Amino acid sequence: MAQVAENRSSQNYTCTSYTEQTTPQEGGNEKGKDEDDTSVSTPPAVWSLGEGAPEESEKRDDAQRSTLFIEKPQSGTVSVGGNITFIAKVEAKDLLRKPNVKWFKGKWMDLASKAGKHLQLKESFERHTKIHTFEMQIIKAKENYAGNYRCEVSYKDKFDSCSFDLEVTESSQAAPSIDIRSAFKRSGEGQEDAGELDFSGLLKRREVKQQEEEPEVDVWDLLKNANPSEYEKIAFQYGITDLRGMLKRLKRMRREVKKSAAFAKGLDPAYQVDKGGKVRFMVELADPTVELKWYKNGQEIRPSAKYIFEHKGNQRILFINNCTMTDDARYYVTAGDEKCSTELFVRDPPILVTKGLEDTNTYVGERVELSCEVSEDDANVKWFRNGVELSNDPKSRYRIKVEGKKHTLIIEEAAKNDTATYSVMTTGGQSEAKLAVDLRPLKISLALEDQTVRLGQEIHLKCEISENVEGKWYKNGQLIEASDRVKLYHKGRIHRFVIPVSAVDDEGEYMFVPDAYNINIPCKVHIVDPPKLHLDGLGENNTVTVVAGNKLRLEIPITGEPPPKVFWSRGDKMVTDSGRIRAESYPDSSCLVIDTAERDDSGPFRITLKNEAGEDTALINIKVVGYFIERKKKQSSRWMRLNFELCKETTFEPKKMIEGVAYEVRVFAVNAIGISKPSMPSKSFVPLAVTSPPTLLAVDSVTDTSVTMKWRPPDQIGAAGLDGYVVEYCFEGTDEWIVANPELTDKTKFTINGLPTGSKILVRVKAVNAAGESEPKYHPQPILVKEVIEPPKIRLPRHLKQTYTRRVGETVNLVIPFQGKPRAKVSWQKNGTPIDKNDINIRNTENDTIIFIRKAERGHSGEYDMKVEVENLVDKATIDIQIVDRPGPPEVVTIEDVWGENVNLSWKPPKDDGNAAITGYTIQKADKKSMEWFTVIEHYHRTSATINELVIGNEYYFRVFAENMCGLSEDATMTKESALIAKDGKVYKYPVYDDFDFTERPLFTQPLVNTFAVAGYNATLNCSVRGNPKPKITWMKNKVLIMNDPRYRMFSNQGVCTLEIRKPSPYDGGTYTCRAVNELGEAEVDCKLEVRGGLSFFKLLMDGVPPHIIDSYMREVQADKTEGK
């Protein structure tokens, strides 16, 4: 339908476009009140096609679509004159810029250019949610706005599309059906009934030769019996330029004609006229005095040169001259309150092919252009290849170019498979041509040359052909693929084959075959290598020792290409291939054989190699000899022979010696004559033994590129001591062990770095001393090299769970351990703000963090918040640090009363309490005469006191010191006035005090703490509570009261409550609650108890293994037990 619509727009149609898929069988409702839609100021409807060709919607392959919408527009219904808004939302989380959004009606009509009074397009962006919102608002909807709409969004290579429907509702009247085919008449120019429509003529197929008349084709029946997917093809074939509009308007005409009192004869249902022609509308009135008005699309028609009115008796005639596509519309005439309507179809002339395609021959890789010319500019033209339609998709290798009346099909680089028949079709004709694509004749500019290459040198083959085509290389008929060793190069017309380091197997016949050509370019490569003797296994000066009487078989490896010839000689005499002394030749070695070696066989033998690349020679000394070895303990005189067969080597390894005992060794030489005298005894030596294997090899940590192992020293080390350890690993599935530490490590922990992520490795550790390496200790399972996220966990020491108090001037050094992998990030804040690192030192490691204050001050007091982050996981802890100092002096000491030998004092607490609670006061007195101070009361808690037993007649001053946990205040506050103890006493009236109410509801001053227990070992839970009267204490497990259970013991002493769990098991884990109840109320506190492991768990914990490693190990053991069952 998109192609039909494009052709329609190119002919400047102004009819209303509908996008819903309509079949001829469907019924339709006629627009209720066309006369109400008479607004002239409104553009030719928002969806008008008369002002220009709309953009063709992009054709996207379904494979390119990706989901971009998070909210798609939904179908909706609106009444005529109402408003409706469609909303689409796109998430911009992964988009670098705003996506491109287009709104369409049907398949082709882009609504961006139609925005105005009745259509508004809006867009907005929410920064917090990162969502783009796109809105299409239809204002004062009309009936012809109904149909199918589409919203497309694209961003780079991503694309998404969504279709939705709009239904415009209004009360409709039943439309009587009519016989369309019988109602239409053929129009003709110059006749009285010119302009009346013959529908079968409208739908008749038009051919290039207009003069020949063909049998009429009823397109209406053809459409009724066709699949809806074939509508566009039939419309293009039979020249229907507005298929949808025609079907919609025809449905409105399917109604019975009502009898009218005003019209004796009404308008025909439809008329047809060719573009530029003249049409005649005629009605006959029953009453000629009735006022008559003509309308076009709801607008009244006024007389003009284009519109001519005639009156003939009761007949009223309207002529429309020089019809254009804008006259294709709905017309009606009114007579009083009645009206009569019809449809006018203006037919566009067919598009003719004025210059056809021409047959073309070309070569592969050339640019091909097939051109034709048509009768109209920018006409709708379809291209076909072997009958299959070609699309102008950007990804297609075919490109269609339109320049006015000229249409060109372009193939940038023709290929062999482009050979075909290409055709072009218009509404009025077609043309076809054949395209033949052949290969260019190939010429060899530079052929391959035969080469002789020394082994290990570069093989470089090069050829040049006349065409830039790919090709393949063959060796001995087998295809050669490019690899790390074999390099294949192609640049333009030159092809090169390179082997940087040649091998013996590279010799053979090579051939290059260009693609698509039946031709090959051969050459031969010959590999040569000078002969070489490999004497690495012989002793010093190429000496070979053989024990007299034994057989010597001396094999010398040789190399050379082609295989060299071998010659053995002794002096001037050649060694043959037979006899007691003979030579044996093999492809890669030569062997000298001496049966029953004799003393006379000692001497030099010469071996010589020769081939076409050169020769090599060497002298080999044969020595017939043997040795006996004896040993004894240093403190003994008895020698013991160690070998009963002659030793032909000059080295020997004594065995079965006692470690730590000193030994001496001597040697006897033996030849064909006999045994020599013994050598001088060797220096005494002490044999040493290797250690036992290391123990408890375990994984400490794993990252994406490293594995950290740890182990325990060997159980048995021995006299040689321990020099260090060697760590080796191999990848799973291989037997190659790789040394991780080139130098020995004396630590029992080592990190293997540089491992590929996701691989599995096996690890073993050996202990090394002067005697050598011990047996390896293997890790039982392969280790996956992949970092495991360990949630952060702050292990706050118990003494930091309460307020941490220090005096001014003291050092604060707190170490807080934590766990978390990988790369735990630690941050500190004091009272919600970052810590000043110039004042407080913070040092972080992988496993702990240290907060250090060299000299504490009062300003360092506060709440310190510690946060450990591992990716998105967080753990927090708060430490309350209180820096205290001695308090200031009390405020204003006053003498309240003096009577007899007594003085009553009162004072106010100090303004500065030293950041600690005031624990008491010290009161001193001084006689006014001597002013010597004596302490009267110490550690007094109240702010008033009575001083007794004063000397009558004396006059006293008093002063008071404040006291906290740091001691007495530096200064004291003295009374401003003195107290005189008069001789005549006064009667003191004791004040009356009310009894203090000591009652208090229960309050836990120390809560329970979550605890880990070891199975089989007693565990205790402790908390403290206060209250008056003394509260009753009860314990619960998982909210169930613990009573009369011998496994639990409960204690309460001075407010400290203790629950002892005797030899717990994993079953005893759970939530424990302590409840305190008295007359004034109750309080509860609870904690979680987790019972882990057994003896192995406790032993590992005592050995210093971290708890999270023990947990992983215990889970693996439990899983193995489960699988075993």
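Colleague: What makes S75, S77, S81 and S80 an open sheet of four strands, in that order?

Modeller: The four strands follow the order S75-S77-S81-S80 with antiparallel pairing. Strand S75 (1000-1006) and strand S80 (1048-1053) are the edge strands, since each pairs on one side only. From one strand to the next, the twist averages 25 degrees, an angle between axes, which are lines fitted to C-alpha atoms, with angles running from 0 to 180 degrees between N-to-C directions. This is a predicted model, in which local features need pLDDT of at least 70, side-chain atom pairs count only at pLDDT 80 or more, and totals for chains, interfaces and linings use all residues. Residues are numbered from 1 along each chain as its sequence is written, and side-chain values use heavy atoms, leaving out hydrogens and water.

Colleague: Why are S77 and S81 called paired?

Modeller: Two strands pair if DSSP finds at least two bridges between them. A strand here is a DSSP run of E, at least two residues, numbered from the N terminus. Strand S77 (residues 1019-1028) and strand S81 (residues 1056-1061) are joined by six bridges, so they pair by that definition, and they run antiparallel. Thr-1020, for one, has Glu-1060 in S81 as its bridge partner.

Colleague: Which way does strand S76 run against strand S83, parallel or antiparallel?

Modeller: Strand S76 (residues 1011-1014) and strand S83 (residues 1081-1092) run parallel and are joined by four bridges. Ala-1013 has Val-1091 in S83 as its bridge partner.

Colleague: What joins S82 to S83?

Modeller: A hairpin, through two residues. Nine bridges also join strand S82 (residues 1070-1078) to S83, and the two run antiparallel. The bridge partner of Asn-1078 is Gly-1081 in S83.
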